[in-house]
Amino acid sequence: MARRTNGGSAGNRDTAGNGGAAGNGGATATATATATGTGNREAAGNGGATGNGGAAAGDTAAKAVAPVDASLWEWLPQAAHEVEEGLRGLLSEASINAHDVTARAKRYESFVEKCRQKGYTEPLRQVTDTVAVRLIMYSATDRERASELVREQFELAEDLDTSERDTASPARRGYDSTHLVAVAEREDAEHPVAPRGSSLDRYFRTFGGLEIQIRTVAAHAWAEFEHARRYKGEGYKAVGDLDRLTIDQLFGAAADARHALDEIFVAIDRVLANPAGSAAADHADAAEDGAEEETTAPEVELLDVEALTAYLARRFPEDSEGSERGVAFALELVQACGLRTVRGLDAELSAIDGAEVRRLMDTSTTVTRVRRLDDELLAVLGEEYIERTASIGNGSRRGDQLRWRYDRLRGKVTVRRRTVTYQLFGTDVPADLTGHAIPAVRAVREVARIVATVEGSAQVVRDGAISRLEDLPLEARARPVRLADGTTLWVATALGRRAAERLLEDLLDGAERTDVRVLRNGEPLATGG
């Protein structure tokens, strides 16, 4: 994709602390020829050996620069700090580790010099890198994810992917970066970084854009070395044509090695995200028949915002409290997992070591208790949690971000097998079954029997799980369930705990006349009638 060069185009070499303006009036033809390998070295694509649109240096110097208020520069460093910290927070929230996030405000002298070279008549609007930030990511996958976060956060005037394909000369291939120019924060941004009255908000209302450059550590190493040795290197300019050709070819070879390194880093990340095996227990706990224990219906503390706030404070005392709105969001997450009581939530989270999850997530910024809860539920429930909660909240990419975060946890968290039992209560539950703690598959059989007795056996038939004929697949390990009228149901027993719970919920969801309540470890799970 060819880069646009109008005004202050994206990717300026001033990004992240490089003080001087790029594309200086005295640039040589050699520097111009190499410009596509270094950000936006303003000489590139402007048709002249000087890098200034074909104008001679003397002509450029003669152009007058519109006056600019130098007092604006008093608060620009704060704007740069705010966007740097804001992007760090966004990356941390999405569990994307950056090697480096650095923002800088262009020096006033550099700003004026650039405007003089370009002959800008509206400097504040035409220069789009007065504040610029560079994100150095560990892998190409992280670069793509970070780019998506930026696109969701800001309104963009430019969105350019500069890669080897964009470089005309094979000898000069190697530069690979995403360049974006933000002109405002999106109104629907889930986590605003430029609130009204902030220096960053003032920046967007005063200046023409904020440049964001994103590249990998491998691409950064190539670009920095090339910039120092070839683009800015006096030695390169001083050697003969044959030596320059050799250097160009060697930089091409280095570009191939850089590309291979990026691919290897992505492959390593894939293995880490999808380990072949580990000591961690399977999330889908077995639901085999086991010992029974008689219990009574327990007193339960139902979850609401107040109860959940108190629980989070006990479980995550060192993390920030967050807002009431955040706790309300957490309550939605918990309820989507079928958890209705404090006791049930605590039992679910007791399966993992919270400190282990915290180490694996390795957040670089302060996070709230709600985020800690989100991480722990993800560790316990895995893909099922992603499926159940991906659409909750205002973030359109929550599902993607959960998957990115789960890459850090999958196969690495020890999920301890825990005793999970179920109790049946209600007027349609036989007295000798009421209150007994039974395993999941037994609960399925008993609920199927009760619903079939009250509402008819056709009401409980489920493909692959419950049938009135002995025709379930062999792998279902079906067992017969005798009904009072002498007929038989065949009910699968090869069910994981989660599958058994979904079947229980489904059976009772359609049972309008059956009075049955199913509790899981004392927590309401499903109700009929």
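Visitor: Which elements each supply at least two residues of the lining of the second largest pocket?
Guide: α6 (140–153), α10 (241–273) and α17 (398–409) do, and α10 gives the largest share, five residues. Helix labels come from DSSP runs (H or I, at least four residues), strands from E runs of at least two, numbered from the N terminus. Bear in mind that this is a predicted model, in which local features need pLDDT of at least 70 and side-chain atom pairs pLDDT 80 or more, while totals for chains, interfaces and linings use all residues. Residue numbers start from 1 along each chain as its sequence is written, and side-chain values use heavy atoms, leaving out hydrogens and water.

Visitor: What makes something a pocket, and what a cavity?
Guide: Take a 1 Å grid over the protein atoms alone: a cavity is a set of points where a 1.4 Å probe fits but cannot get out, whereas a pocket is an open set with protein on both sides within 12 Å along at least five of seven lines. A residue lines either one if it has an atom within 4 Å of a point. The second largest pocket has 20 such residues, with D142, R145, D269, D407 and R408 nearest its centre.

Visitor: How much space lies in the second largest pocket?
Guide: About 530 Å³. That volume is the space filled by probe spheres set on the grid points, which are joined across faces, edges and corners.

Visitor: What about cavities: how many reach 30 Å³ or more?
Guide: Two. The largest has about 50 Å³ of space, lined by F316, G354, V357, R358, M361, R372, D375 and E376. Its lining draws two or more residues from each of α14 (354–361) and α15 (369–381), and α14 gives the most, four.

Visitor: And which residues line the second largest cavity?
Guide: L87, L90, L91, L135, A146, L149 and V150, around a volume of about 40 Å³. By class, that lining is seven nonpolar, no polar and no charged.

Visitor: Why is S95 called buried?
Guide: Buried means under 20% relative accessible area, exposed over 50%, partly exposed in between (1.4 Å probe, protein chains only). S95 sits at 8%, so it counts as buried. S95 lies in the loop between α3 and β1 (98–105), and its phi is positive, near 55°.

Visitor: Why is R477 called partly exposed?
Guide: R477 comes to 44% relative accessibility, so it falls in the partly exposed class. Its loop runs between β9 (466–467) and β10 (479–482). R477 also has a positive phi, near 50°.

Visitor: How do you know that the buried residues of α4 line one face of the helix?
Guide: In α4 (residues 108–118), S110, F111, K114, C115 and Q117 are buried. Down the axis of α4 they fall within an arc of 160°, so they line one face. The arc is taken over directions from the helix axis to the C-beta atoms.

Methods: Nonpolar A, V, L, I, M, F, W, Y, C, P; charged D, E, K, R; others polar.
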